[in-house]
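Have the sequence and the 3D view open, try each task yourself, and then read the worked solution.

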Amino acid sequence: MSGGRTRSREPRGPLPAGPLNRREVAERLRQRAARVQLDVSGQLLEQLLSYVELLHRWNARVNLTSLDAGDDGLDRLIVEPLAAARHVGSPAPRVIDIGSGGGSPAIPLRLALPGGSLLMVEAKARKAAFLREAVRHLGLADTVVEARRFEELAGRPSLQGAFDLLTLRAVRVDATVLCGLQTFLRGGADLFLFAGPRGDAPPAAVELPLVPHATHPLVPSLRSRLMVLRKAPADP
């Protein structure tokens with residue numbers, strides 16, 4: 001008999017097509033989060049599990065995300081937003097998420113930062129319907145879904161300069177798009193771009209009032225990054 005310690009095996013492989021084993025998914029989430037020095041437990045873990053279960057059920061009818069890809073899917077959809085939450089300056093941020101799709105990064109980030117508010121913008125009706133169901137199912141207060149393109153909202157006076165943080169993933173950006181997005185942010189607020197190892201980068205010349213502020217690693221196994229642009233404060 002070997003005298004060495006037996007390693008505990010991490011669950012691997014894609015999530016099953018049928019009902020999820022809640023205990024197994026919880027263990028996967030804890031282990032994946034621990035890889036980036038995050039402790040996921042208590043109420044946050046329960047809420048994340050409820051979100052994953054809802055997403056899994058809807059994925060059977062509507063192609064929302066790559067969740068069923070297994071650990072990489074959990075890393076991208078859940079762990080990345082939790083890691084990004086460490087870089088949010090405001091303890092109770094007013095957040096707007098553009099192209100919200102299946103709710104990541106917006107919903108895990110909202111669960112990690114329970115104060116403040118969230119506006120999710122998703123033009124596709126079926127995805128917007130899922131987001132509204134997720135808001136109801138998770139009991140997310142001060143959370144609204146707008147089923148329209150962000151360009152239609154940019155001219156709304158009540159939304160101009162109204163947010164502390166804008167989050168963005170899987171939306172193609174150029175100087176024109178960034179110029180439109182910055183109108184939602186107050187001076188000194190941040191724009192978070194969730195990016196992979198290649199592509200998804202902002203234009204080489206980001207134009208004022210946005211300025212490059214920082215780049216943070218998120219999940220090393222995915223070589224994912226969080227690129228932060230900051231809106232320059234208005235002149236006094």
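Helices here are DSSP runs of H or I with at least four residues, numbered from the N terminus. Please keep in mind that this is a predicted model.

**Exercise 1. Find the element that holds Trp 58, and decide whether this residue is buried or exposed.**

Solution. Start with the helix: Trp 58 lies in H2, and H2 covers residues 42-59. Next, take the relative accessible area, which is 15% for Trp 58. Buried means under 20%, so Trp 58 is buried.

Now look at the neighbours. Leaving out residues up to four places away in sequence, Trp 58 touches Leu 64, Arg 126, Ala 129, Phe 130 and Glu 133. To see how the chain returns to this place, take Lys 127: it is 69 residues from Trp 58 along the chain, yet their C-alpha atoms are separated by 9.7 Å.

**Exercise 2. Work out how helix H2 is oriented against helix H3, and which residues meet there.**

Solution. First, the geometry: the axes of H2 and H3 (residues 71-84) come within 12 Å and cross at roughly 150°. Angles over 145 degrees count as roughly antiparallel, so that is the relation of H2 to H3. The crossing is right-handed.

Then list the partners. H2 brings Leu 48, Tyr 51, Val 52 and Leu 55, and these meet Leu 74, Leu 77, Ile 78 and Leu 82 of H3. Sorted by class, this contact has 8 nonpolar residues, with no polar and no charged ones.

**Exercise 3. Repeat the analysis for helix H1 and H3.**

Solution. H1 spans residues 22-34, and its axis lies 10 Å from that of H3, at an angle of about 70°. The range for roughly perpendicular is 65 to 115 degrees, and H1 and H3 are therefore roughly perpendicular to each other.

On the H1 side, the contact holds Arg 28, Leu 29, Arg 32 and Ala 33; on the H3 side, it holds Asp 71, Leu 74, Asp 75, Ile 78 and Val 79. By class, that gives 5 nonpolar, no polar and 4 charged residues.

How values were computed: Residues numbered from 1 in each chain as written. Predicted model: local features only at pLDDT ≥ 70, side-chain atom pairs only at ≥ 80, totals over all residues. Heavy atoms only, no water. Axes fitted to C-alpha atoms, helices over the stretch in contact; angles between N-to-C directions. Helix = DSSP H or I, 4+ residues; strand = E, 2+ residues; numbered from the N terminus. Parallel < 35°, antiparallel > 145°, perpendicular 65-115°, else oblique. Left-handed = near helix turned anticlockwise from the far one by under 90°. Contact = heavy atoms within 4.5 Å. Nonpolar A, V, L, I, M, F, W, Y, C, P; charged D, E, K, R; others polar. Buried < 20%, exposed > 50% of the residue type's maximum accessible area, 1.4 Å probe, protein only.
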